[in-house]
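Hello,

Here is the structure for your files.

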Amino acid sequence: LNEAERLTKLGSWEWHLEDNSLEWSDGMFRILELEKDKKPDFNSFFDYVPPEQKEEIQKVILDHVNARSSYEIEFRIISPQGGLKHVRATGHPVINNFGAIKSYTGTMQDITAQKNHELELREKNQELLDSNKNLEQFAYIASHDLQEPLRKIRAFGGRLEQKYEGVLDEKGIDYLDRMRSAAERMQVLINDLLKYSRVARNNKPFELTDLNPIVNGVLTDLEAAIQERGARIEVGELPHITGDDLQLRQLFQNLISNAIKFVPSDRVPEIAIWSERCNKDDMQKWNGMEDDEYYCLHFRDNGIGVDQKYKERIFGLFERLHGRGEFTGTGIGLAICQKVVQNHGGQITLESEKDNGTTFKVILPKGNVELVNV
């Protein structure tokens with residue numbers, strides 16, 4: 001037992017209520033860095049608790065004694081050498097034959113390393129959050145500031161073409177075409193970066209939102225692309241959820257436009273969108289979410305599909321699995337989708353086979369739950 005306590009940085013004790021005396025294992029002396037002839041009683045033990053915590057910890061323990069209940073608390077201690085440690089203490093009442101509390105037994109464990117590790121993780125996490133905010137702000141500012149010089153490039157390129165069309169030879173015209181094409185791609189990239197930045201920086205309060213008019217509005221916006229490809233789109237009844245309608249519109253816009261775009265030209269796009277309450281299997285898969293509080297939205301297409309080894313990578317910023325000559329895009333659309341879903345306290349994944357379609361699955365809270373922007 002002594003060796004086990006040494007390995008786990010644990011000590012055990014018994015507190016006799018009649019005379020306030022304590023019995024300690026060797027582990028307790030090791031934690032407090034005391035010689036064995038320095039064993040304190042219940043009151044003098046609190047001399048090792050920092051003054052600002054002493055009264056609070058005493059009260060918590062005595063309240064549990066009065067309630068005849070067990071306790072588990074965390075606090076700090078200061079060793080005689082001045083070392084500060086974090087400990088976790090548990091206590092359990094021992095009842096005698098007459099139903100009275102005879103004593104308390106319990107343990108105390110040195111959790112300083114764990115607490116230091118938690119603090120380090122919190123600091124690293126805060127650094128990451130600060131870094132992400134700085135990057136998002138930089139992306140927004142850079143994208144915004146790039147708009148004006150890009151407009152000039154496109155404007156003067158147009159003037160060159162109009163004024164000197166008869167002067168430029170075939171190579172000159174080719175150069176202008178390449179410049180115009182590059183400027184257009186740059187404009188699309190800037191617009192997508194601005195969309196991502198707006199989603200990432202969003203702090204608008206969420207409201208009860210009907211997803212049906214949102215998807216209908218998106219289908220109206222995409223009418224030209226739908227008619228051009230002859231796409232067949234079936235939409236089931238969608239739920240009301242708590243959210244931001246503008247962000248959710250971006251989610252639907254990106255998923256539906258991708259479902260149309262990533263279908264081979266010799267194939268008619270077929271898209272199905274429906275929702276259902278998440279079942280218990282879904283909830284276990286999604287980290288213990290409660291099945292009566294979430295909806296699963298499905299977006300199924302018959303496109304080129306995605307190799308399963310790319311199912312996580314595909315949501316990364318600027319990730320493209322195909323050459324620009326095959327399919328247009330900046331690789332930001334799915335990153336925006338993931339950010340929107342995260343902002344709504346949900347998750348997104350996909351099921352797909354190469355050349356056999358893809359089903360995106362979006363799990364979102366239906367409402368009346370805590371929603372935190374990420």
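**Cysteines**

Both Cys-278 and Cys-296 are buried (buried means under 20% relative accessible area, exposed over 50%, partly exposed in between, with a 1.4 Å probe and protein chains only). Please note that this is a predicted model, where local features need pLDDT of at least 70, side-chain atom pairs count only at pLDDT 80 or more, and totals for chains, interfaces and linings use all residues. Residues are numbered from 1 along each chain as its sequence is written, and side-chain values use heavy atoms, with hydrogens and water left out.

Cys-278 and Cys-296 form a disulfide (a pair of cysteine sulfur atoms within 2.5 Å). Their sulfur atoms are 2.2 Å apart. The link is right-handed, with 140 degrees about the S-S bond. Cys-278 lies in the loop between β9 (270–277) and α10 (280–285), and Cys-296 in strand β10 (residues 294–300), so the pair ties together parts that are 18 residues apart in sequence. Helices (H or I, at least four residues) and strands (E, at least two) are DSSP runs, numbered from the N terminus. The disulfide count comes to 1.

Cys-337 is buried too, at a relative accessible area of 0%.

**Strands**

Strand β1 (residues 10–16) pairs with strand β5 (residues 101–110) in the antiparallel sense, over 7 bridges. Pairing requires at least two DSSP bridges between two strands. Glu-14 has Thr-105 in β5 as its bridge partner.

β1 also pairs with strand β2 (residues 21–24), antiparallel, over 4 bridges. Here Trp-15 stands opposite Leu-22.

Best wishes
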